[in-house]
Every structure is written in structure tokens, then in C-alpha cells.
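The sequence and the structure come first.

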Amino acid sequence: MNKLILGRYFPGDSWIHQLDPRSKLLACIYFIFVLFLANNWQTYALLWIFTLLVMYLSGVSFKTYLRGVRPLIWLILFTVFLQVLFTSGGTIYVDWGPITISEFGLTNGVYIFCRFVMIVFVSTVVTLTTKPIDLTDGINSLLRPLRALKVPVDEFALMLSISLRFIPNLLDETQKVMDAQAARGTDFGEGSLVKQMKTLVPIFLPLFVSSLNRAEELANAMEVRGYQSGEKRSTFRRLTWQKRDTLCLIFMLALTAGLAFLRADGSILH
Amino acid sequence: MKKPLVQIENISYQYEDQASFALDDVTMTIYEGEWLAIVGHNGSGKSTLAKLLNGLQFPKEGHITVCGIPLTEESVWDVRKLVGMVFQNPDNQFVGATVQDDVAFALENNGVPRDDMVQRVKTSLEKVKMESFLNQEPHNLSGGQKQRVAIAGVIALRPALIILDEATSMLDPRGREEVLHTVRELKSNHNMTVISITHDLEEAAKADRIIVMNKGKLYREGTPEEIFQMDEELIALGLDIPFPVKMSKLLKEKGIWIDKPYLSEKELVEELWTSHFNR
């Protein structure tokens, strides 16, 4: 559990930490789209410079980011190998039935590897530098236009914030239940697959039941404090859009322009 | 002389899947500014009573009036503004992501404007002495601290009545003392009314009045002195008596005459060390 870097927050005070969660989320999503504009080594170099700059600005050590990529490395390598083995074109180095290793295949493989790693890096920057509660606020605020379509955005945001708030409690409880069952003689992680699955039942059932109880108590506590779903509420938390947030988005546009300029055919559209 | 705040008239309540009544023809009055302790064994109907007072459930028969407002499905949200409630489990009633969000939750629900909200969150956290924990997350707080935050959340709304529904039963002795001290101070400074539903008899002994519930009925009502005089009877009801009362009783059996039941250790000690001179 402790190895998982994705979705964790590292407290800090860097330039990126101080950005508004909305601009960070928007920039991250935008970056993932813009990534697909790259089609030659110059554009990839530009994207790498940008990614590394953002990582440097976040003030989190490079090692931490590498740990973020580690759980995904097999998935990335698998995709890269598929690309390398099944793409043909350009100079062909190996030709062995349907499997070919070609010039195009190799470059495509490298490009895909870069894309994957950059996406992971940039999204890790967002989660590492934003508190979960700020992220929730950011998502809530970005989804707000959907209210016009009768999407219950506030309820969704409340659910998100309550789930995040209960994660440590549930982890604690899982540990307690596991210890309690182990004290009664359950062996975890031993025996055949079926046997291992069976040992999970005495963990999941109590957890499920206690979650239901928790939910009921929480619902009571919320109702007593005057919560009515769908009713107009005022909000305590407030996000402030600063100059640096505008700067961040301008930066993203500059990146797009740079990519368009360096692209092989020179235009954004194929 | 004493102004009634809550009036409960002949209420009965039955849970759907149960044969017996959880509350059976209960009538009581709660007066302004008093500290009322409701005691009783498990299943005596104490917590059901608390839920009825807040409109979480509605009685099958009878009426409840809070501050002059008859409690009905329409008036329930108005009544909830007047009645604050602190529940037993410190974790399961913490809604906010951080301390200040949790205190602000009830204010948000009532549409309090933000500037006012910031001020009220700050002052109510100061009152429970948690002002230095503004941005802490719940899993970093102790049980007693979480309950104090819950109290801050209640007083931010400035209710007329606070119900503590076994609010200290999951705390260690120190946390319990902290929480009760906080509520006692708030009560005396702001002339609030407190209903404390409890198993803790030391806590009940410090109340102005005690109501004993048994099997859904109001069994007895009186001052702590009166209630704890019925010692054998209380034990038969599945309750206990506070340590000083027990001690006095044992001393009496040993032939040491103590003329009245003392409810606090301090009073008992006072009596014991002066009794030698009076002999």
C-alpha cells in the first residue's frame, strides 16, 4: 500500500503547489490531448523539456516520480512490444511471419513509451501537489456547467469528498478485521487460489456490514445538522484564480503553438 | 418559574419489526437552562427518545413541542436548527474533510453567508479550544478531539438545546472529562439546555435532574440525590450507582454513620475528614 504514489499528496509550497486545482486539472487534461500532436523527434523533445520542467517546478524529488511509474512499467512495456513487433514499414530488420521488426515499429515503440511515461509523470504532478479535498473542489467547480443538464454535481462532489475522507478509516478497519481473523486462525495468502478467495469472505462481510452501519450513522448526523439533498447551500471552501493560473494556461497554449510549429507536416490537422 | 423548553406528551413509538414498544406513553418536560441526564439500560428507549426529539423518527402517538414549535414533518427543519446533537461514534459523524469544513457543514446547509461562516467557525472552535487544528484531517485527531469538533459544529448553529447521545461512551477517561468540561463551560456561559443520554453515572450525578427509563417507560424522575437513594432498585434495573454512593453504603455497613448520600468524591472526603472532629 505504501508503495503506491499515484493519488497521494506530498505537502509542499512550490509554484505548482500554489496553483489553483482547476488550472492544474485543465492543464493536465489538455496536456494529454496535446501529446498526440507530436509526430517527430523535435516535438517529443519539446514535450520532454516541458514535462521535466513541470516536474522540477513541483519540488518533489525525481525518485518519487519514478516510483509512480514503476507499478505501470509492465503494462507500458507490453504495449511498446506489441507496437514494435506488429508494425511494418520503412527498413525491415527482421521478417518472421506476422512478426516484423521494422524502422517504423521501433520509432513508434519509442514514441508510445514516451507518451505513456509523460502522461503518468504529468498526472502524478497533479496528484502529488494537490490535496484530495482541493482536487474534489476543482472537479466540482469544473463540472458545474453540467448542472444545467440536471446532473447532480453537488451531490457528486459531496460523495467524492466523503469517500476520500473515509479511506483512512476503512484502511484501519480492514487491518483490524484482518488481525482479528488472523487471531482466530485464518491464514492469509496461503493455499490455492480458491482457498485464498475463501479467506477473504470473513474480511469483506464484516467490512461491508460495518460500512452500512457507518453510512446510516453518518446520514443521521448529516440530517440532524440540516443537510437536505438538492437544497440550496452556501459553500465554505472557495477557490481563488490567481495570475499564476492564467499564466499556466497561457503556457499550455504556447506549448501547443510550439508543437504545431515543429510538427513534421507543419500543421495541426493531418 | 422554570420555563419549559421541550414538552413531550404521551408519546409512543414502535419499531416496525418489533413486537414491544420502544417508547410507551412517555410524558416529560425539559426546562430552559437545565442539565438533564437520561439513564437506563440498553434498549430502554433512551436513544429512540433522542431521535424523536430531532425528527429523525416520528412518534406513533403523542406530541412533541420544541420552543413552542409543534414537531411535524413540515416543521422538522426549523426544529433541527434549535436542537443540536452529538452522537456516540466520533468517526461516523465527522462529515467534513478537515476540522473547519466539518464545523462549517451545518452552516452551509442553512445557507449562512461565507463571511459570517468563517467568523462563526473560528469562534466556535475557540470555544472548544480546537482553534489550532483548523486544517487537520479527522484521522489525525484523537476521539476526544473529534467529539469537541462535533460540539463546535453544533454550537456554530447556536441551538437552544444540545443532546449528547452517549457522546462520551467511546472515549477514554481523559477524553470524556475534556468533552464534559467543554459542554459544562458552554452551558454556563451561554445558558444552554443540555440533555445527556448516558451510561456514565458519575456524569449523571452532576446533572440538575435525572430521568430513569426502563423498558420504554419513564420509570423515575428526580434530582441526583433522590435517584441514587434508590440504590438496590437501580441495580435491579440493570444500572449502577456512583462510586461515592457505593462507598458510603459500604461504610454504613461497617458501622460508620454517614447521614446522607454523597454524590461526589470531594463531598465524601470532606465528610470523612471532618466527621472525626464531630464525634
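A polar contact is a pair of N or O atoms within 3.5 Å; within protein, one must be able to donate a hydrogen and the other to accept it, and residues adjacent in sequence count only if both atoms are side-chain atoms. The rule finds three residue pairs in such contact across the interface of domain 1 and domain 3 of chain B, both residues at pLDDT 80 or more. This is a predicted model, in which local features need pLDDT of at least 70 and side-chain atom pairs count only at pLDDT 80 or more, while totals for chains, interfaces and linings use all residues. Residues are numbered from 1 along each chain as its sequence is written, chains are lettered from A, and side-chain values use heavy atoms, without hydrogens and water.

The bounds come from an automatic or database domain assignment.

| Domain of chain B | Residues |
|---|---|
| domain 1 | 1-82 + 161-174 + 190-240 |
| domain 2 | 93-158 |
| domain 3 | 242-278 |

The C-alpha centres of domain 1 and domain 3 of chain B lie 30 Å apart. Contact (heavy atoms within 4.5 Å) takes 10 residues from domain 1 and eight residues from domain 3.

Buried area is the accessible area (1.4 Å probe) lost when two parts are put together, summed over both. Here it is about 770 Å², and carbon and sulfur atoms give 62% of it. E202(B), F228(B) and D240(B) supply 47% of the area that domain 1 buries against domain 3, more than any other three residues.

Two salt bridges cross this interface; the rule asks for a side-chain nitrogen of Lys or Arg within 4 Å of a carboxyl oxygen of Asp or Glu. D240(B) forms a salt bridge with K246(B), with the closest N and O atoms 3.4 Å apart.
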